[in-house]
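Here are my notes for a colleague who is meeting this model for the first time. Please read them with the structure open beside the text.

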Amino acid sequence: MTDRVTNPKIVKELCERYGFRFKKGLGQNFLIDESVVEDTIVGTGITRNTSVIEIGPGFGSLTQSLLEAAKDVTAIELDSNLIPVLTDLFGSAENFHLINADVLKTDLNQIIQNEDTVVVANLPYYITTPIVSALLEKRYPLKSITVMVQKEVAKRMVATCREKDYGALSCMVDYYTNASILRDVKPHCFTPQPSVDSSIVLMKLLKTPKVNPKDEAVYFKTVKAVFLQRRKTLLNGLSNSGFFSQTKEEITSILEELGYSPTVRGETLSIQDFCRISDQLSQR
Ligand code: SAM
């Protein structure tokens, strides 16, 4: 088809033709701004060699241009009411594959065929963090993950230590990826309009994480313990969490031996610092 799905007239026509109603519960705000689509594709670096896994295609605002730019697109859509629409629009394209499923219950290893595979998603805001966490923690052999998320979440994803938005999510993203914000997106770029601003985040996946803790589970517990109680000191965060077997005195001496004041706050620590502390906590 030559008409762009980002055209509001086309969106209206599709709604009428298929009796489609937007579901707030599935975060259905569809893109109607072609420049956002363009910036997503260019910013991600998609070429004719790229295989794309698109999460939540909706009416296909991104899908349409992805199919033109990439080698192939596998779209995973949860809402079964969108399947006939997507099949009618793109089913004749040989490089289009559609899966009607919840991405959180889908094993992407079954889909990833080559090293040049990326994920692109305009995510429903209510499940942004679970989806991003699942994609990163499963260590899928992806080149990158590009996600449109609420602007506030994007800031937390890319924040570095000592910045206001730095937290457990920043530490997780920094552990697995090099992340940056491609651009901000205003509510008028969607229909229906969301009540918040959005941003597109590009995460380039690393072959191995930036730090190499002795015990990854203890490393992530250390990060979680510190940020669960943001306003507490490093010592209180760790000792009140109940995650570790050491007494408060033992944790104090671990921190002092490593040269950290027990009264510093967690947000001043980098992932390298968390790694050093967790290595000691996992040893004793
Ligand atoms: N990509 C389209 C666009 O930009 O216009 C639609 C984006 S809309 C914000 C989010 C899409 O994700 C919706 O189509 C929704 O039905 C779908 N979705 C919601 N939860 C999902 C899940 N768990 N797995 C797969 N798709 C999901």
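1. For the lining classes used below, Ala, Val, Leu, Ile, Met, Phe, Trp, Tyr, Cys and Pro count as nonpolar, Asp, Glu, Lys and Arg as charged, and the others, Gly among them, as polar. The model is predicted, with local features needing pLDDT of at least 70 and side-chain atom pairs counting only at pLDDT 80 or more, while totals for chains, interfaces and linings use all residues. Residues are numbered from 1 along each chain as its sequence is written, and side-chain values use heavy atoms, with hydrogens and water left out.

2. Grid points are joined across faces, edges and corners, and a volume is the space filled by probe spheres set on the points. By this rule there are three cavities of 30 Å³ or more. The largest cavity holds about 360 Å³, and of its 27 lining residues Ile 55, Gly 56, Glu 77, Asn 122 and Pro 124 are the closest to its centre. The elements giving two or more residues to this lining are β1 (30-31), β2, α3 and β3, where helices (H or I, at least four residues) and strands (E, at least two) are DSSP runs numbered from the N terminus. By class, the lining of the largest cavity has 16 nonpolar, eight polar and three charged residues.

3. The second largest cavity holds about 60 Å³. Its lining includes Val 103, Leu 104, Ile 131 and Tyr 140, and divides into seven nonpolar residues, one polar and one charged.

4. On the open space: a pocket is an open set of points with protein on both sides within 12 Å along at least five of seven lines. The largest pocket has a volume of about 340 Å³ and is lined by 15 residues, with Tyr 140, Pro 141, Leu 142, Leu 206 and Lys 207 nearest its centre. The second largest pocket has a volume of about 290 Å³, and its lining has nine nonpolar, seven polar and two charged residues.

5. On the sheet: seven strands form an open sheet of mixed pairing, in the order β4-β3-β2-β5-β6-β9-β7, two strands being paired if DSSP finds at least two bridges between them. The edge strands, each pairing on one side only, are β4 (96-100) and β7 (177-185). Strand β2 (residues 51-55) pairs with strand β3 (residues 72-77) in the parallel sense over five bridges, and Ile 53 has Thr 74 as its bridge partner in β3.

6. On the helices: α3 (residues 61-69) lies across β2, β3, β4 and β5 (117-122) and runs at about 175° to β2. Helix α5 (residues 128-137) lies across β2, β5, β6 (144-150), β7 and β9 (198-205), at about 170° to β6. Contact here means heavy atoms within 4.5 Å, and axes are lines fitted to C-alpha atoms, for helices over the stretch in contact, with angles from 0 to 180 degrees between N-to-C directions.

7. On charge pairs: the structure holds 13 salt bridges, each a side-chain nitrogen of Lys or Arg within 4 Å of a carboxyl oxygen of Asp or Glu. One of them joins Lys 12 to Glu 16, with the closest N and O atoms 3.7 Å apart. Both residues lie in helix α1 (residues 8-18), four residues apart, about one turn of the helix.

Definitions and conventions
On a 1 Å grid over the protein atoms alone, a cavity is a set of points where a 1.4 Å probe fits but cannot get out, and a pocket is an open set with protein on both sides within 12 Å along at least five of seven lines; lining residues have an atom within 4 Å of a point.
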